[in-house]
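Welcome, and thanks for opening the viewer. Keep your selection tool at hand, and we will go from stop to stop together.

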Amino acid sequence: MSFKNIGLKEPILKALQQKGYTEPTPIQKLAIASIIQQKDVMAAAQTGTGKTACFTLPILEILSNAQENKNHHQLNALIVTPTRELASQVQDNIKSYGKNLSLKSIAIYGGVSDVNQKQAINNGVDIMVATPGRLLDLYHQKAINFSKIKILVLDEADQMLDMGFINDIKKIDKYLPKKRQNLMFTATFSDPFRSLVKQFSNDPIEISVAKDNETGKNIEHYCHPVDASNKAKLLIHLIKNEKWNQALVFTRTKHGANRLTKKLINAKITAVAIHSNKTQNYRTKALNKFKKNHIQILVATDVAARGIDIKNMNQVVNFDLPSVAKDYIHRIGRTGRAGKSGKAISFVCSDQQKLLRDIQKLLNQKLPMYTVEGFEPTSDMQPIKKSKKKKKFKKRFKK
Ligand code: AMP
């Protein structure tokens, strides 16, 4: 099945061709045609599967067909995302897929002045991508008119629920026209997600391209047991010895992210930390530099890194294990995207065995443990597997 068979028009096909997309991904094959037919859809698809194009392409198709948009711009589609980075990334996709169309889009989110955002809305937009807080803020200021909205997308809906946005989402639902198309995307069909869907939609088409809690098959997962005091040194050792091009490193706290970044910089490794204490401008700039490969290591907390799409990222490191097992899946979703291979490396200290067990239970998979020579933990850890892989590692680190 090609993009043309799915029902996309020539200007969109041309943009896709220029991006080098040769055929739709599995979720795109399943979802795009139904969305163009204006059906409600709920889809379980992890980041990296091409899910953003799944809703942005049909939105461009539907809105560019609508007569009213040929003359003036009306807010017809609203996409709600959990984070600012994701909002901006989704809008980048819309701009690039819609570059041969005359539709206008905007990303609105907090942490930056709302003056330009209000001005742009005032000038007319067709598609808005927004985080819940700033969206409601501008709506309450009467800067946004929801009355012409025909399509609502909730992107990464389960994360929005995890982040406590349920009341904001309910408010948005109340303010929007009742008759509209609803598209709901989630990493997993969790119970809270299913109950949210019930409030929003009658009988949506259900699409899933990954089993619940399944992680990308092209990702190699393993752990390094290490003492907490040695973690930064181990990371520096791996970056240098394995000649990593780039890696995304997760820490549990903002201070931890800052501390680690300083140590990396002292070791002459280019690194930047992103977390909620950094200004939005700083976060955006850091992310762009990382995407352009001007920075080697991006150190992030969970919130800052949600949903971000980084091409050719081979390593994700859990410098600290996530305190909620489900976050492991979100974190490692940053590597092995769109069929590429990747590594998910977790540092495990002796007091984190329970967290590791929770993750393994969720993945239904035991993660192999490999000690790195010179970084053997001094405290008790679970028995370390002897495997070919371990030998290979030992050999590599001995060099
Ligand atoms: P997403 O899951 O939406 O974050 O997309 C993951 C990555 O896949 C992004 O970098 C997209 O640009 C890319 N992508 C989406 N659809 C396709 C496609 N049909 N062919 C090749 N790459 C794609």
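## Stop one: Gln315 and its surroundings

Select Gln246 and Gln315 together: a polar atom of the Gln315 side chain lies 3.2 Å from the backbone oxygen of Gln246. Bear in mind as you look that this is a predicted model. Gln315 belongs to strand β12, which covers residues 315-318. Is Gln315 buried or exposed? Its relative accessible area is 7%, so it counts as buried, the cut-off being under 20%.

## Stop two: Ser346

Next, select Ser346, which sits in strand β13 (residues 342-348). Ser346 is buried, with a relative accessible area of 0%. What does Ser346 touch, if residues up to four places away in sequence are not counted? Show Tyr222, Cys223, His224, Asn318, Leu321 and Tyr328 to see these partners.

## Stop three: the nonpolar cores

Now for the largest nonpolar core, a set of 40 residues in which Leu8, Leu57 and Ile79 have the most contacts. Colour helix α4, residues 51-65, to see the element that gives the most to this core, with eight residues. Then centre on Leu57: beyond its neighbours within four places in sequence, Leu57 is in contact with Phe3, Leu8, Ile12, Leu16, Ile32 and Tyr97.

## Stop four: helix α3

Move on to helix α3, residues 26-36, and show its buried residues: Ile27, Gln28, Ala31, Ile32, Ser34, Ile35 and Ile36. As you look along the helix, recall that an α-helix has 3.6 residues a turn, so residues three or four places apart point the same way. What do the buried residues of α3 pack against? Select α1 (3-6), β1 (41-44), α4, β6 (181-186) and β7 (205-208) to see the answer. After α3 comes Gln38, with a positive phi near 65°.

## Last stop: the largest cavity

How many cavities of 30 Å³ or more are there? The count comes to two, and the largest cavity has a volume of about 70 Å³. To find the largest cavity, select its lining: Ala45, Gln46, Thr47, Lys51, Glu156, Gln159, Thr186, Ala187, Ile329, His330 and Gly333. Coloured by class, this lining shows three nonpolar, six polar and two charged residues.

Terms used: Residues numbered from 1 in each chain as written. Predicted model: local features only at pLDDT ≥ 70, side-chain atom pairs only at ≥ 80, totals over all residues. Heavy atoms only, no water. Core = buried A, V, L, I, M, F, W, Y, C linked by side-chain atoms within 4.5 Å. Buried < 20%, exposed > 50% of the residue type's maximum accessible area, 1.4 Å probe, protein only. Helix = DSSP H or I, 4+ residues; strand = E, 2+ residues; numbered from the N terminus. Contact = heavy atoms within 4.5 Å. Polar contact = N/O pair within 3.5 Å; in protein donor to acceptor, adjacent residues only side chain to side chain. 1 Å grid on protein atoms, 1.4 Å probe; cavity = no way out; pocket = protein on both sides within 12 Å on 5 of 7 lines; lining within 4 Å. Points joined across faces, edges and corners; volume = space filled by probe spheres on them. Nonpolar A, V, L, I, M, F, W, Y, C, P; charged D, E, K, R; others polar.
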